[in-house]
Amino acid sequence: MSVINSMKLNIEAKSQNESFARSVIASFFVQINPTLEQIEDLKTAVSEAVTNCIVHAYGGSQSGAIDISCDLSENNIEIRITDYGKGIEDIGKAMQPFFTTGTEGERSGMGFTVMQAFCDKVNVTSQNGQTTVTLTKNI
């Protein structure tokens, strides 16, 4: 993959910043002429990843940073969304449909499943207060 452009964004883990992050990533993505459906898919996946940071990493009430970096190539975008919250104890379990650390009825447990449905590749790493979700969308 030959990177043709890159960007970085740092936002506070606040719910009002989720739509901002989604819009910034979509605007960056249009440089490689994706379809409207591909843009909407990516926006949905980014929304899920950022929401996971806000709700799960920081508990929705703590403040914290979310770092987002993107690399564009001629045929895809790779997005890394990193938080510095409590981490994911068992990534395999967390990525199972309907698994949630939220209270019953509060969260659906479908965040990673949605990301996987709308991206070509999803990778998650988590260790000692740093979790990174890497989303790849091909065009």
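How do strand 3 and strand 5 pair, and over how many bridges? I looked, and they pair in the antiparallel sense over eight bridges.

Ground rules before I go on. This is a predicted model, where local features need pLDDT of at least 70, side-chain atom pairs count only at pLDDT 80 or more, and totals for chains, interfaces and linings use all residues. Residues are numbered from 1 along each chain as its sequence is written, and side-chain values use heavy atoms, with hydrogens and water left out.

**Sheet**

I noted the terms first: helices (H or I, at least four residues) and strands (E, at least two) are DSSP runs, numbered from the N terminus. Two strands count as paired if DSSP finds at least two bridges between them.

I traced the sheet and got an open one of five strands, in the order 1-2-3-5-4, with antiparallel pairing. Strand 1 and strand 4 are the edges, as each pairs on one side only. I read an average twist of 15° from one strand to the next. Axes here are lines fitted to C-alpha atoms, for helices over the stretch in contact, and angles run from 0 to 180 degrees between N-to-C directions.

Next I checked strand 2 against strand 3. They run antiparallel with seven bridges, and they form a hairpin with three residues between them. On the strand 5 side, I77 stands opposite K137.

**Helices on the sheet**

Which strands does helix 2 lie across? I get strand 1, strand 2, strand 3 and strand 5, with the helix running at about 10° to strand 3. Helix 4 also packs on the sheet: it touches strand 4 and strand 5, and its direction makes about 30° with that of strand 5. Contact means heavy atoms within 4.5 Å.

I did a length check on helix 2 too. The expected span is 1.5 Å times one less than the number of residues. Its 22 residues should therefore span 32 Å, and the end C-alpha atoms are 31 Å apart, which agrees. After helix 2 comes G59, with a positive phi near 70°.

**Core**

Then the inside. A nonpolar core is a set of buried Ala, Val, Leu, Ile, Met, Phe, Trp, Tyr and Cys residues joined through side-chain atoms within 4.5 Å. Buried means under 20% relative accessible area, exposed over 50%, and partly exposed in between (1.4 Å probe, protein chains only).

I found 34 residues in the largest core, and those with the most contacts inside it are I66, I68, I79, I81 and L135. Elements giving two or more residues include helix 1 (16–29), helix 2 (36–57) and strand 3 (76–83). Helix 2 gives the most, with nine residues.

Not counting residues up to four places away in sequence, I81 touches V46, A49, V50, C53, I66, D67, I68, T131, T132, V133 and L135. Strand 3 is mostly covered, with six of its eight residues buried. As background, nonpolar side chains in soluble globular proteins tend to be buried together.

**Salt bridges**

How many salt bridges does a search of the whole structure find? I count five, taking a salt bridge as a side-chain nitrogen of Lys or Arg within 4 Å of a carboxyl oxygen of Asp or Glu.

In helix 1, E18 and R22 lie four residues apart, about one turn of the helix, and their side chains meet at 2.9 Å, N to O. E18 counts as buried because its relative accessibility is 14%, whereas R22 at 25% counts as partly exposed.

In helix 2, E40 and K43 are three residues apart, again about one turn, and they meet at 3.5 Å, N to O. E40 is partly exposed at 43%, and K43 is partly exposed at 22%.

D71 is buried at 15%, while R80 is partly exposed at 21%. I also logged that D71, E78 and R80 are linked in a network of salt bridges.
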